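Hi there,

Here is the structure I promised to pass along.

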Amino acid sequence: MNRRITVFNIQQPIFHIQAGTALLLALLAFPARAEDRQVRELTLADCVGLALENNLDLEIQKLAREEARLEVGAAQGGYDPAVKVAARRAYDKTAGQSAGTAAGALEVLDSETDSDTLDAAVGGVTPLGGLSYEVGAQTGRSDGTREGNPFDTSTGSAGLTLTQPLLKGFKTDGTRYQVQIAQKQSAEAAAQLEAQMQDVLTQVETAWYGLIQAREEIRVQEEAVRLATQLYEDNRRKVQIGAMSILDEKQAESQAAAARAGLSTAKQAYAEAENRLKALLFANHREWRKVAVSARGELAAEPVPADAAASGARALEQRPDLRQARLALERLGLTVTYRRNQTLPELDLVGGYGVAASDEDSRADVFDQLQAAGEPYWNAGVVLSFPLGNRTERNRHRQSLAAQEKSKLELRKLEESALVEVDNAAAAVATGLERVQSTREARAYAEQALAAEEKKLERGKSTSFVVLQLQRDVTSARRAEIAARADYNQQCAALALAEGAMLERHGIEFADPADAR
């Protein structure tokens with residue numbers, strides 16, 4: 001994979017936080033002691049690089065891509081020549097007699113033959129329109145007696161035979177078809193690998209923003225605990241001097257306890273978010289269990305163009321799942337062509353040429369005679385063959401046509417679904433940005449209202465109950481803003497995935513692993 005470095009523009013955080021505090025929050029989210037855990041801060045770019053190297057889903061898909069690549073080589077092996085060598089030895093004996101020409105005489109007809117032969121041939125199919133060939137040589141020796149007369153002869157031949165299909169098997173022979181199918185499936189596997197990469201990167205980005213959200217949730221809950229605890233302490237002192245009822249003290253104490261419970265829940269959510277990210281980045285959870293992963297970054301909310309029409313055009317052009325579906329349709333087109341060809345009769349042009357040697361005294365004489373080409377031979381002809389009815393191939397051809405039409409409809413449906421997905425994702429990005437702005441304003445107003453009410457409480461013009469309610473409102477508003485920012489970033493990632501632009505979003509150029517071989 002060729003990977004470019006992407007620069008991320010990070011906005012200011014919702015609440016300023018130092019790096020040391022972020023690490024402390026990561027450590028507090030786990031029951032293990034801080035001194036027993038290492039801490040590793042990861043940017044989004046770091047997470048993307050680790051996922052590309054270690055993610056198990058990607059490793060599985062890479063192996064599937066390798067399987068498809070090797071299948072191409074296996075199919076091309078159909079053009080490899082085959083060597084055939086045969087050695088035979090035979091013995092034959094016959095016995096008999098008949099009346100001779102002279103009165104009372106018998107003619108002996110028995111014979112005895114001992115022979116051995118050696119055949120060698122190389123043959124195969126070529127990519128040249130289904131042309132097949134066989135180059136072979138044969139030598140043999142036989143000796144014995146025939147009608148009482150001994151004999152000892154050697155024979156041999158060498159020649160070339162060619163068979164060229166003129167109808168069935170012409171240009172779309174079985175080997176060529178298997179190679180073309182394997183090549184299409186290999187390209188489909190490459191597109192599927194790219195789709196898996198985009199899906200994994202989307203999951204990584206979603207998990208990374210989820211970890212930041214969980215971190216910010218802890219900070220919000222810690223602030224809620226601080227506010228509720230401080231109010232409780234103030235109320236407790238006022239109760240002691242008789243300036244406030246015990247009910248106000250208990251209300252503040254109850255809210256402080258609820259805030260602490262919320263903090264525990266937030267820490268658990270952080271632990272789960274961290275494990276989700278780890279599962280995407282590392283292949284061995286046991287090895288990384290004692291390492292605390294901290295997201296180095298903030299929940300930015302930079303405006304992203306959300307033009308549904310433009311995004312839809314990009315999706316139709318570059319989404320790998322659509323490209324894979326189009327390749328599958330092309331593969332079915334090859335099947336239709338092949339099945340149509342199989343419905344034709346077999347009409348083969350057959351020809352051969354060679355030299356022979358017979359009745360020689362020794363094998364050495366046979367080889368000399370073959371080199372001299374003293375006994376040449378040739379043959380040429382046409383062979384026609386066809387099954388009556390041919391129902392098998394005709395119905396298979398109809399099946400391939402039906403499968404092709406089905407694939408066309410499935411591609412169309414997939415394209416329509418992609419356009420709908422893009423429209424939804426673009427709308428979510430647009431509304432998500434509005435939600436970020438609204439929740440930011442709501443949080444600011446809630447904080448201002450709380451500050452004003454706290455001053456009124458100090459002057460005795462408000463009640464503890466109202467302040468507690470406004471504290472809850474502030475906490476809810478802060479959490480809503482955090483959720484809106486996290487959702488917005490995740491919605492931007494979902495839009496990039498719907499467009500098929502997730503690799504481009506992270507500055508990654510897809511390189512098929514098969515191209516490196």
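This is a predicted model: local features need pLDDT of at least 70, side-chain atom pairs count only at pLDDT 80 or more; totals for chains, interfaces and linings use all residues.

**What I found**

Strand 7, covering residues 132–146, pairs with strand 6 in the antiparallel sense, with 15 bridges. These two strands form a hairpin with six residues between them, and Gly129 there has a positive phi near 65°.

Strand 6 (residues 111–125) also pairs with strand 3 (residues 82–94), again in the antiparallel sense and over 13 bridges. If you want a place to look, find Ala86, whose bridge partner in strand 6 is Asp119.

Next, helix 10. How many residues does helix 10 have? It has 68, running over residues 391–458. From the first C-alpha of helix 10 to the last, the reach is 96 Å, close to the 100 Å expected at 1.5 Å a residue. Helix 10 is followed by Gly460, another residue with a positive phi, in this case near 75°.

How many disulfides does the structure hold? There are zero. Is Cys47 buried or exposed? Cys47 counts as buried because its relative accessibility is 0%, and the cut-off for buried is under 20%. Cys492 has 5% relative accessibility, so Cys492 counts as buried too.

Happy to go through any of this with you.

Best wishes

Conventions: Residues are numbered from 1 along each chain as its sequence is written. Side-chain values use heavy atoms; hydrogens and water are left out. Helices (H or I, at least four residues) and strands (E, at least two) are DSSP runs, numbered from the N terminus. The expected span of a helix is 1.5 Å times one less than its number of residues. A disulfide is a pair of cysteine sulfur atoms within 2.5 Å. Buried means under 20% relative accessible area, exposed over 50%, partly exposed in between (1.4 Å probe, protein chains only). Two strands pair if DSSP finds at least two bridges between them.
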